Amino acid sequence: MSAAATRRLTTAQALVRFLAAQYTERDGVQHRLIAGTWGIFGHGNVAGLGQALVEYREAMPYHQGRNEQAMVHAAVGHARHLNRLSAQAVTTSIGPGATNLVTGAALATINRLPVLLLPGDYFASHAADPLLQQLEHPVEADVSVNDALRPVSRYFDRITRPEALLTSALNAVRVLSDPAETGAVTLALPQDVQAQAYDWPEEFFADRVWRVRRPAPDPAELAEAVRAIRAAARPLIVAGGGVHHSEAEPALKALVDATGIPVASTQAGKGALRHDHPADLGGIGHTGTAVSDALARTADLVIGVGTRYSDFTTASGTLFQHPGVRFLNLNITAFDAHKLAAATLVCDARSGLAALTDALAGHRVDAAYETEYRTGRARWEEAVEGAFRAADDSAVPTQTQVLGALDTVVGDEDVVINAAGSLPGDLHKLWRARSPRQYHLEYGYSCMGYEIPAALGVQQAAPDTPVWALVGDGTYLMNPTEIVTAVQENLPVKLVLVQNHGYASIGGLSESVGAERFGTDYRHRVADGSFTGAPLPVDLAANAASLGMDVLRAKTVRELREALSTARAATRPTCVYVETAPPGTALPAEAWWDVPVAEVSAREAATQARAAYERAVADRRRHL
């Protein structure tokens, strides 16, 4: 009997070859699991993975990043747009290159989105010890800075011998492709092990398909869910990101069309129903619409579909106020399905919604309830029109009028990306999502600096789609570097850069909690130490141009619409820069959010804020 066939490669070469042969499959459609690798090279990965990516560059596309955190954001944007069926890898040097991954990894794991992290690590042999950039732990010699990635990874391993990769690589892709477990996956790669050769079994490099499951609901859970829905007088569906990940939008529409149950959406779930569907109520929670939050307060059954119920969604436990309110949660993870002491339907969103539709045949909510929420929808649509519309096209636009101008320009296929600042609140309340993938808000981690790199990842996933990154001045200053990558790779992303001279969101929050907007302006410091002088002479549009973008400056509503139309048609990276007029936001919050206020203070602003806080927190409920 002949020996099994082997191939002699370095560990890094073997990993690249292995990743290039991995696929996902759902509903009979295959996707490449690792579509490409982002990288910044330094000591710790240049001689290992760097050499392997050159060796197999035809099998594994490579993308050059400028900031390690941003590379993770780009990979996350790519994975989200492709419904988690395809992901990207990110490789970095040791030391600061590796620790710069932590924020991006947290974002990926919190949002349940797959990304493979391949940071370099110190010598497994300890041949060079201490190494440049090495953390020397006094009692645990096997600790490296990469251990900081453990709590934000869904799977972590340090590959200290070549053959250890045989098991760990399979575990890594198992987690990446599992809809119930996915998130950031880290394989820390000591730089000496990356370069070591080993005789790898040929089977390791064979094409491998990972089938993405659609688990059906348990019959007993389904029967209980149907009884709960039939008994409810005022049911409300809360659609989360799981609807999109499962591609369950048609199944949700079928259920709603059959039963008349209205739908409110989280930031991740917005677009689960098209905005003009008569049962779509828009966003829910602290940044929700008036009609969504009003119905949430009186709902006797809340049906969560693919949501993890963040504090923004529940208004920090104050939103669902019906005395007998109960919860029914359809989620692919039992961890999320059991939240709020809910009855559970642990299954794939599409499978579960289809089963509910079949089992509820003939059931429909009362006509008066439908009339009530449709009337509320109409009133809210008038509020949206008022926020979007400018009375004078020659005036400086407000922030909400910027969104109104964009609303007139985008098509159904466009993607709008945002993550932090005051824009998420306005978008959640006001944006009219026209397709399942149009509304792309990262609000699990609400990470400043996500938008521009995520736009690159989405543009790679959908090359012919207009992709818009909406950022304020604070977010832009956090992470503009991937503009250079967009120029290098000729990715025609569109950047809408809103200049409002400060932290609009946190400034408002600071005022509401008695912190008096301290430290939230980009202004000159004056004699008393406050920041109330003239705006700083910072030209962010010139900065974007210096990084290679085409820049269009718009001063009026009319100029803004024209610039946005030009940007949409552009074939290279283009920035629309606009300085907005106050107010920063046009519509107040419809529900509370818990940010504790100083219990004692000598300042009147804090004393008044504490009194308001105590009134609001009194409405909090523990749903048991």
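Let's start with one contact. D147 forms a salt bridge with R158, and their closest N and O atoms are 2.9 Å apart. A salt bridge here is a side-chain nitrogen of Lys or Arg within 4 Å of a carboxyl oxygen of Asp or Glu.

Some ground rules. This is a predicted model, where local features need pLDDT of at least 70, side-chain atom pairs count only at pLDDT 80 or more, and totals for chains, interfaces and linings use all residues. Residues are numbered from 1 along each chain as its sequence is written, and side-chain values use heavy atoms, with hydrogens and water left out.

Back to the bridge. Where do D147 and R158 sit? D147 is in the loop between strand 7 (115-121) and strand 8 (155-158), while R158 is in strand 8. They are eleven residues apart, and the pair links distant parts of the chain. Helices (H or I, at least four residues) and strands (E, at least two) are DSSP runs, numbered from the N terminus.

Is D147 buried or exposed? D147 is buried, because its relative accessible area is 17%. R158 is buried as well, at 15%. The cut-offs: buried means under 20% relative accessible area, exposed over 50%, and partly exposed in between, with a 1.4 Å probe and protein chains only.

How many salt bridges does the count come to? It comes to 35.

Take R572 and D550. Their side chains meet in a salt bridge at 2.9 Å, N to O. R572 is in the loop between helix 23 (557-569) and strand 23, and D550 is in strand 22 (residues 550-554). The two are 22 residues apart. R572 is partly exposed, at 28%. D550 is partly exposed too, at 36%.

Bridges can share partners. E381, E385, R389, D407, R432 and R434 are joined that way into one network. Inside it, E385 and R389 meet at 3.9 Å, N to O. E385 is partly exposed at 30%, whereas R389 is exposed at 51%.

**Rings**

Now the aromatics. The whole structure holds eleven aromatic pairs. The rule: rings of Phe, Tyr and Trp (its six-membered ring) pair if their centres lie within 6.5 Å; planes under 30 degrees apart count as stacked, over 60 as edge-to-face and the rest as tilted.

F312 and Y443 are edge-to-face, 5.2 Å centre to centre, with 70° between the planes. Which parts does this pair tie together? F312 lies in helix 12 (residues 311-314), and Y443 in the loop between strand 19 (439-441) and helix 18 (451-461), so the pair ties together parts that are 131 residues apart in sequence. F312 is buried at 12%. Y443 is partly exposed at 22%.

Next, W592 and Y613. This pair is tilted: 5.6 Å centre to centre, 55° between the planes. W592 is in the loop between strand 23 (574-579) and helix 24 (604-617), and Y613 is in helix 24, 21 residues apart. W592 is buried at 19%, and Y613 is buried at 11%.

There is also an aromatic cluster, formed by F18, Y198, W200, F204 and F205.

Charges meet rings too. The charged end of K270 sits over the ring of Y439, 5.6 Å from its centre. R553 does this with Y577, also at 5.6 Å. To count, NZ of Lys or CZ of Arg must be within 6 Å of the ring centre and within 35 degrees of the ring normal.

**Inside the structure**

Look at helix 1 (residues 11-20). Nine of its ten residues are buried, so it is largely enclosed by the rest of the structure. Among the buried ones are T11, L15 and F18.

Last, the cores. A nonpolar core is a set of buried Ala, Val, Leu, Ile, Met, Phe, Trp, Tyr and Cys residues joined through side-chain atoms within 4.5 Å. The largest has 81 residues, and those with the most contacts inside it are I237, L252, L356, W468, L470 and L564. Helix 15 (residues 367-388) gives the most to this core, with six residues. Another core lies apart from it, with 47 residues, among them V76, I417, Y450 and I483.

What does L564 touch, leaving aside its neighbours within four places in sequence? L564 is in contact (heavy atoms within 4.5 Å) with A405, L406, V409, W468, V496 and V576.
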